[in-house]
Amino acid sequence: MKTIGIISGGVYHVPMLLKSLLKLDNYKLICINSIPAFKFEEQLRENVRFIWVPKYTQLITKFLGFEFSRKWKTHDSIIFNKIAARKSLDFNIVYGCQGHSLEAGKLARQSGRVYVLDRACPHIKEQEYLYELECQYLEIPYYPLPQDFWDLCLEEYEQAHYIVVPSSYTWNSFIKHGIG
C-alpha cells in the first residue's frame, strides 16, 4: 500500500481533498497539519492519520487574540515547513500546499518520490501584484512578502513534479510567469 502525505499549514480545502483521495484504492493517507485532528469531521478522523504540527502564530492568535504581521506569519510557515519535512520521509507521494512543503518536496525528489504542489491561488508574482494593487486602491499600507518566503514559493515551483491549480485563471498566471 502506498502512502500519500498531505502537508498543509491550515484547513483551507484539505477536507475536500482528503475526501477525494479516500476514493483511491490501495493508498493510505497521512495529513500533517497545523490544525488538530479533532477539528476535522469524523469520517476523515477515522480514515486519515493526522499529525499535528502547531504554528505558534495561529495558536497565539486563537487563544490571545493577538494578530501577527505578514512577516511573522510567513516565518512561522517556514518553521512548519522544516518540521513537516522530518515527518514526511515515509510518504510515496508528498502532496503539499503552497508555502508549507518545500523541504518535504526536496526530500521526496532526492529519493525518487513524487512531489505534488497544490497552488490554490495564482502564481506568487501575480498574487503579490494583485495584493499591492488592492492596497493602493484601498489606501492601506502595503507590506510585501519577506524575501525568504518569496524565494521559498518560487523554489517550490521548480522542485514540484506537478502543480495542481483550481482554475484556468490560475493556470494562465503560471503560463504568464514562465511555468507550464
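Throughout these close-ups, buried means under 20% relative accessible area, exposed means over 50%, and partly exposed is whatever falls in between (1.4 Å probe, protein chains only). What you're looking at is a predicted model, where local features need pLDDT of at least 70, side-chain atom pairs count only at pLDDT 80 or more, and totals for chains, interfaces and linings use all residues. Residues are numbered from 1 along each chain as its sequence is written, and side-chain values use heavy atoms, leaving out hydrogens and water.

**View 1. Cysteines without a partner.** The disulfide count is zero, taking a disulfide as a pair of cysteine sulfur atoms within 2.5 Å. C121 is partly exposed, at 30% relative accessibility. Its closest cysteine sulfur sits in C153, 10 Å away, which is too far for a bond. C97, on the other hand, is buried at 5%. The closest cysteine sulfur to that of C97 belongs to C31, and at 8.2 Å that's too far for a bond as well.

View 2. Searching the whole structure turns up five aromatic pairs; rings of Phe, Tyr and Trp (its six-membered ring) pair if their centres lie within 6.5 Å, and planes under 30 degrees apart are stacked, over 60 edge-to-face, and the rest tilted. Here we zoom in on Y157 and F174: the ring centres are 4.9 Å apart and the planes sit at 70°, so this one is edge-to-face. Y157 comes from helix α7 (residues 147-159) and F174 from helix α8 (residues 168-176), so the pair links distant parts of the chain, 17 residues apart. Helices (H or I, at least four residues) and strands (E, at least two) are DSSP runs, numbered from the N terminus.

**View 3. An aromatic cluster.** Y56, F66 and F68 come together as one aromatic cluster.

**View 4. Where α4 crosses α5.** The axes of α4 (residues 70-86) and α5 (residues 102-110) come within 7 Å and cross at roughly 35°. Those axes are lines fitted to C-alpha atoms, for helices over the stretch in contact, with angles running from 0 to 180 degrees between N-to-C directions. On the α4 side you'll find N81, K82 and A85, meeting L102, E103, A104 and L107 of α5; contact here means heavy atoms within 4.5 Å. By class, that makes four nonpolar, one polar and two charged residues, with Ala, Val, Leu, Ile, Met, Phe, Trp, Tyr, Cys and Pro as nonpolar, Asp, Glu, Lys and Arg as charged, and the others, Gly among them, as polar.

**View 5. The buried side of α5.** L102, A104, G105 and A108 are the buried residues of α5. They cover an arc of only 160° around the axis, which puts them on the same side of the helix; the arc is that of the directions from the helix axis to the C-beta atoms. Their packing partners are β1, α4, β4 (93-97), β5 (114-118) and α7. After α5 comes G112, with a positive phi near 80°.

**View 6. Positive phi in two loops.** Y12 isn't a glycine, yet its phi is positive, near 45°. Y12 lies in the loop between β1 (2-8) and α1 (14-21), and is exposed at 52%. E139, also no glycine, has a positive phi of about 55°. Look for E139 in the loop between α6 (124-138) and α7, where E139 is exposed with a relative accessible area of 74%.
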